[in-house]
Structures are given as C-alpha cells and as structure tokens.
Amino acid sequence: MRDNKVLEVRYKSYRKEEEEDLTLEPYCIREFKNRWYLYAHKLGIEGPHMYALDRMLSAEVGEKSFKMPSKFNPAEYFSGVYGVRVYPDMKPEFVTLKTTAMQRNYFRSLPLHSSQEEIERTEEHSVFRYYLTPDYDFKQDVLSFGTSVEILSPAHLREDISSILNP
C-alpha cells in the first residue's frame with residue numbers, strides 16, 4: 001500500500017473572513033468550469049469536502065500518514081455529479097433539455113456533462129438527455145441560457161426553474 005501523506009494548507013474561504021490552517025487527507029482533484037478542487041478529508045470534521053486550489057495560500061506535504069478509504073473510486077463517486085458539491089441525499093436522474101437550433105451547436109461543442117446524448121434533432125430544435133444530479137450549479141447553468149433552453153423533464157426540475165423565473 002502506498003504511503004499517503006497529509007497536506008498542511010493555509011486556506012482562505014469565500015465564506016469566512018479569516019484565513020485558516022487545515023490538515024487535509026487528499027483523495028483526488030476535480031476540475032469544474034476551469035477551476036480545480038481538492039477533494040479531501042479535513043482532520044477533525046466528519047466526511048470529505050471540496051477545497052478550491054485557487055483559495056489555498058500555501059500547501060506543504062505534512063509528516064503524518066493516512067489510509068485512503070479502500071472503497072473510494074473517484075470516477076464512480078463523481079459519475080452523476082454535475083458540479084463539485086456532493087451531498088448524501090443527491091441521486092442522479094435522467095434530465096432532458098430542449099435547445100433552439102442555434103443553441104444546439106454550443107451544446108455539441110461544449111457538453112454540459114459527460115453523459116450528454118442528443119436524442120432528437122429537427123430543423124427548429126434539439127433534445128439532449130443527461131444522467132446527473134440537477135444541483136444548484138446545474139440549475140444556474142441552465143438559467144444562463146435564457147429562453148434558448150427548456151427543461152422537458154423531470155417535472156420537479158421544470159417546476160423548480162419555473163418558480164425561479166416566476167416567483
């Protein structure tokens with residue numbers, strides 16, 4: 001078994017005024033929207049979390065060793081995740097989006113998620129299907145397309161977006 005070392009990190013969160021010193025057990029890194037994140041367990045708290053690399057003021061390999069959880073597989077763990085947040089109650093599901101004909105080329109050239117499939121194409125529109133967790137980041141990205149994208153399913157996601165647009 002490989003010897004895994006902790007990281008001693010000076011971190012400045014966007015949510016806190018103060019910088020903090022963290023001892024982290026690093027599991028993997030993940031990229032989302034051209035930002036890199038370290039998925040790591042912080043000593044003293046339950047469960048691993050994401051730490052943005054651009055918010056690390058310094059990082060050094062520590063002296064202490066740790067054992068990586070034997071069942072942790074990053075590809076499986078993040079397979080249905082859209083952004084970087086992972087919560088216990090999150091469950092991937094099929095999501096279908098309808099785009100305008102002009103918008104579909106953007107979706108083809110820069111898929112929203114690795115599960116993206118174009119399942120319908122007409123002269124006026126395309127329909128894309130995903131298998132993911134429609135989290136906060138996903139909703140924000142869908143909203144950013146304005147009227148050129150419509151959520152077809154699931155119904156609860158369509159209702160969530162509708163309530164944001166029509167409070």
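**Exercise 1. The loop between two strands**

In which loop does Lys-33 lie? Describe the backbone of Lys-33 and of Asn-34 in this predicted model.

Solution. 
- Step 1. Locate the residues. Lys-33 belongs to the loop between S2 and S3, and Asn-34 is placed in the loop between S2 and S3 as well.
- Step 2. Read the phi angles. Lys-33 has a positive phi of about 55°, and Asn-34 has a positive phi of about 65°.
- Step 3. Check the accessibility of Asn-34. Its relative accessible area is 72%. The cut-off for exposed is over 50%, so Asn-34 is exposed.

**Exercise 2. The open sheet**

In what order do the 5 strands of the open sheet lie, and which are the edge strands?

Solution. 
- Step 1. Write down the order. The strands follow S4-S3-S2-S1-S5, and the pairing is antiparallel.
- Step 2. Find the edges. S4 and strand S5 (56-66) each pair on one side only, which makes them the edge strands.
- Step 3. Strands of a sheet pair through backbone hydrogen bonds, in a parallel or an antiparallel way.

**Exercise 3. Two strand pairs**

How many bridges join S1 to S2, and over how many do S3 and S4 pair?

Solution. 
- Step 1. Take S1 and S2. Strand S1 (residues 4-11) runs antiparallel to strand S2 (residues 20-32), and 5 bridges join them.
- Step 2. Take S3 and S4. Strand S3 (residues 35-42) pairs with strand S4 (residues 48-52) in the antiparallel sense, over 5 bridges.
- Step 3. Look at the turn. The hairpin of S3 and S4 has 5 residues between the strands, and Gly-44 in this hairpin takes a positive phi near 100°.

**Exercise 4. Aromatic rings**

How many aromatic pairs does the structure hold? Describe two of them, then name a cluster of rings.

Solution. 
- Step 1. Count. The structure holds 16 aromatic pairs.
- Step 2. Take Phe-94 and Tyr-131. Their rings are 4.9 Å apart, centre to centre, with 50° between the planes, and the pair is tilted. Phe-94 is in strand S6 (residues 93-100) and Tyr-131 in strand S8 (residues 125-132), so this pair links distant parts of the chain, 37 residues apart. Tyr-131 is partly exposed, at a relative accessible area of 37%.
- Step 3. Take Phe-107 and Phe-145. This pair is also tilted, at 4.9 Å centre to centre and 45° between the planes. Phe-107 is in helix H2 (residues 101-109), while Phe-145 is in the loop between helix H3 (136-144) and S9, 38 residues apart.
- Step 4. Classify the two rings. Buried means under 20%; Phe-107 at 0% relative accessibility and Phe-145 at 15% therefore count as buried.
- Step 5. Name the cluster. Ring pairs link Tyr-27, Tyr-39, Phe-72, Tyr-77 and Phe-78.

**Exercise 5. A charge and a cis bond**

Over which ring does the charged end of Arg-55 sit, and where is Pro-154 found?

Solution. 
- Step 1. The charged end of Arg-55 lies over the ring of Tyr-14, 3.9 Å from the ring centre.
- Step 2. Pro-154 is in the loop between strand S9 (149-153) and helix H4 (155-165). The peptide bond from Ser-153 to Pro-154 is cis, with omega near 0°.

Note on methods
Residues numbered from 1 in each chain as written. Predicted model: local features only at pLDDT ≥ 70, side-chain atom pairs only at ≥ 80, totals over all residues. Heavy atoms only, no water. Pairing = 2+ DSSP bridges. Helix = DSSP H or I, 4+ residues; strand = E, 2+ residues; numbered from the N terminus. Buried < 20%, exposed > 50% of the residue type's maximum accessible area, 1.4 Å probe, protein only. Phe/Tyr/Trp six-rings, centres within 6.5 Å; stacked < 30°, edge-to-face > 60°. Lys NZ or Arg CZ within 6 Å of the ring centre and 35° of its normal.
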